[in-house]
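The exercises below are meant to be worked through with the sequence and the three-dimensional model side by side.

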Amino acid sequence: MALIWPEPGFEVSSDINTGFRLLAAAVATAVLVQRTDPLHTPMRHASTAAAVALALGFLLTLLVSRPLLPSHPIPWAVSMSIWVAFLLPQAMSNETPKHWVWAYGGAATLGIVAVLLSESRGAYAIAVWPLILLVANSLRHHRQAAVRAGWLGTLSVCLLAASVLMPQDPLRLRLAWNEVNSALKTQDFNTSLGARVYLFQTGWAGFMESPWIGIGATERINRLQSAGLDLPAADAERHSLVRTLGHVHNQYLHQAMDGGLLGLSGLLALLGGLVAAAWRLRKTHRIASQQLGGMAFVHGIAGLSNVNFAHNYYALMLGMGVTLALLQASIAPQKVNG
């Protein structure tokens, strides 16, 4: 894509920066898995470090407002979700010592609460992941896990309904629904979700215009910064928020708009690689398999509402999470039954 479009890739597109960071993590993993002996001691503490990080993230959401969260609230929340996905399979494993089960489970719970308190709706999918894991484990004939999954599912539905009905709308779900409906009816896009409606439409139109190689990052930025300027003044004002944004707030549409199917294939290759790795490890190391599956789950869904790879912080967190999951699998092979 950088070769096709005559534009400074480091300035207008995050793809090269992100690619280098992910490639560095992949190369580091490939080297380190061949040198597992010296890593036994530090890797024992990786899960403890993740638990501490989640607890500190929870405290941070209590101390600072949403705009003051590190990097940006959305990729920060998704990064927290990655570490929740890293810890949950260990908390649910019979091989984990009892005291660590409580520590990891408690830290993962704090991490989920931190994501909800961040009000980053694109990362809320992590709240569903414990239920998915319980259901997956119950399919292995664990009746107790099935009962837990039923109770957790019922509780989750009740909490979600209570959140939507509360006057404060703490998860901003009712607000999101109202903003989308309002934007569709009035064509006023000066709200967070209203702007996304316009951005999604623009991203899809750009992709359909040039489905193979896209229109390039420079043209994407030009279209967003000139949104509505060809309309009467009153209508142009309804696009003022859109003109302050640089991407279409959807990782898939963003890649498709910039690089067509060529650009989108790279993004899907990464997601497909995570899923393939999780599937391949399911018979040799169930914990690592579920860790990678969880990371693929939150990464894939979060990309529907934000371009997280526009933030170098997020690429580092994803790379680190996948690396640690694979290193743990290589150091401590796990016998999987069933």
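Throughout these exercises, contact means heavy atoms within 4.5 Å. The model is a predicted one.

**Exercise 1. Describe the protein chain as a whole: its secondary structure, burial, surface and contacts.**

Step 1. The secondary structure of the protein chain comes to 15 helices and 0 strands.

Step 2. Of the 338 residues in the protein chain, 47% are buried, while the chain exposes about 17,000 Å², of which carbon and sulfur atoms supply 68%.

Step 3. Among contacts in the protein chain with a separation of 6 or more, 72% are between residues 24 or more positions apart.

**Exercise 2. Determine which residues touch the most other members of the largest nonpolar core, and which elements build that core.**

Step 1. The largest nonpolar core holds 57 residues, and those touching the most other members are Phe86, Leu87 and Met295.

Step 2. Two or more residues of this core come from each of helix H4 (46-63), helix H5 (73-91), helix H6 (98-117), helix H7 (129-138), helix H13 (251-280), helix H14 (286-302) and helix H15 (312-331). The greatest contribution, 13 residues, is that of H5.

Step 3. Once residues up to four places away in sequence are set aside, Phe86 touches Ala46, Ser47, Ala50, Gln291, Met295, Gly321, Leu324, Ala325 and Gln328. Apart from this core lies another, of 13 residues, which include Phe189, Ala195, Val242 and Val248.

**Exercise 3. Classify the packing of H7 against H14, and then that of H2 against H15, from their crossing angles.**

Step 1. The axes of H7 and H14 come within 11 Å and cross at roughly 140°. An angle counts as roughly antiparallel only when over 145 degrees, and H7 and H14 are therefore oblique to each other.

Step 2. The crossing of H7 and H14 is right-handed, and in it Trp129, Ile132, Leu133 and Asn137 of H7 meet Gln290, Gly293, Gly294 and Phe297 of H14.

Step 3. For helix H2 (residues 15-32) and H15, the axes come within 9 Å and cross at roughly 15°. Angles under 35 degrees count as roughly parallel, so H2 and H15 are roughly parallel to each other.

Step 4. The crossing of H2 and H15 is likewise right-handed. Residues making the contact include Asn17, Arg21 and Ala25 of H2, together with Asn312, Leu316 and Thr323 of H15.

**Exercise 4. Is Leu224 buried or exposed, and which residues does it contact beyond its neighbours in sequence?**

Step 1. Leu224 has its place in helix H11 (residues 217-225). Since buried means under 20% relative accessible area, Leu224, at 0%, counts as buried.

Step 2. Leaving aside neighbours within four places in sequence, Leu224 is in contact with Leu199, Thr202, Val242, Arg243, Leu245, Gly246, His247 and Val248.

Step 3. Leu224 and Val248 are 24 residues apart along the chain, and their C-alpha atoms are separated by 8.4 Å.

**Exercise 5. Locate Ser71 and His249, and state whether each is buried, partly exposed or exposed.**

Step 1. Ser71 is found in the loop between H4 and H5; its phi is near 60°, a positive value in a residue other than glycine. With a relative accessible area of 46%, Ser71 is partly exposed.

Step 2. His249 lies in the loop between helix H12 (233-237) and H13, and has a positive phi of about 60° although it is not a glycine. With a relative accessible area of 12%, His249 is buried.

Methods: Residues are numbered from 1 along each chain as its sequence is written. This is a predicted model: local features need pLDDT of at least 70, side-chain atom pairs count only at pLDDT 80 or more; totals for chains, interfaces and linings use all residues. Side-chain values use heavy atoms; hydrogens and water are left out. A nonpolar core is a set of buried Ala, Val, Leu, Ile, Met, Phe, Trp, Tyr and Cys residues joined through side-chain atoms within 4.5 Å. Buried means under 20% relative accessible area, exposed over 50%, partly exposed in between (1.4 Å probe, protein chains only). Helices (H or I, at least four residues) and strands (E, at least two) are DSSP runs, numbered from the N terminus. Accessible areas come from the Shrake-Rupley method with a 1.4 Å probe; for residues, only the protein chains shown count as cover. Axes are lines fitted to C-alpha atoms, for helices over the stretch in contact, and angles run from 0 to 180 degrees between N-to-C directions. Angles under 35 degrees count as roughly parallel, over 145 as roughly antiparallel, 65 to 115 as roughly perpendicular and the rest as oblique. A crossing is left-handed if the near helix is turned anticlockwise from the far one by less than a right angle, and right-handed if clockwise.
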